[in-house]
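Here is a short briefing for a first look at this model. Start with the sequence and structure, then read the points by topic.

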Amino acid sequence: SQSLFFLVTYVLLLGAALFHGFYGLRNVLFELDPAAPLKKTISWGLILIGLGLFIIGGWAAWISFQGAVVV
């Protein structure tokens, strides 16, 4: 976990997995045909949640790369 290759790989996979999951969830929710304002709210909500999870996951990968113990 202290290899730069693994850090980059973890972060790239995290981004790809979050995009894949939230884009799929967005499409499933849009299949319900909500009103246009609700579509915009759903999209922005999922973007913000995804970015938040990416930041937390990236931080965790960085801490692991540094070798620090998180309690």
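Contact means heavy atoms within 4.5 Å. This is a predicted model, where local features need pLDDT of at least 70, side-chain atom pairs count only at pLDDT 80 or more, and totals for chains, interfaces and linings use all residues. Residues are numbered from 1 along each chain as its sequence is written, and side-chain values use heavy atoms, with hydrogens and water left out.

**Helix H1**
- H1 has 27 residues and spans 39 Å from first C-alpha to last, close to the 39 Å expected at 1.5 Å a residue. The expected span is 1.5 Å times one less than the number of residues.
- Helices are DSSP runs (H or I, at least four residues), numbered from the N terminus.
- Leu7, Leu18, Phe22 and Phe30 are buried in H1. Buried means under 20% relative accessible area, exposed over 50%, and partly exposed in between (1.4 Å probe, protein chains only).
- The buried residues of H1 pack against H2.

**Nonpolar core**
- Leu18, Phe22, Phe30, Ile42 and Leu46 make up the largest nonpolar core, which has 5 residues.
- Helix H1 (4–30) and helix H2 (36–66) each supply at least two residues of this core. H1 gives the most, with 3 residues.
- Such a core is a set of buried Ala, Val, Leu, Ile, Met, Phe, Trp, Tyr and Cys residues joined through side-chain atoms within 4.5 Å.
- Leu18 touches Gly50, Leu53 and Phe54, not counting residues up to four places away in sequence.

**Residue Ile47**
- Ile47 lies in helix H2.
- Ile47 counts as partly exposed because its relative accessibility is 42%.
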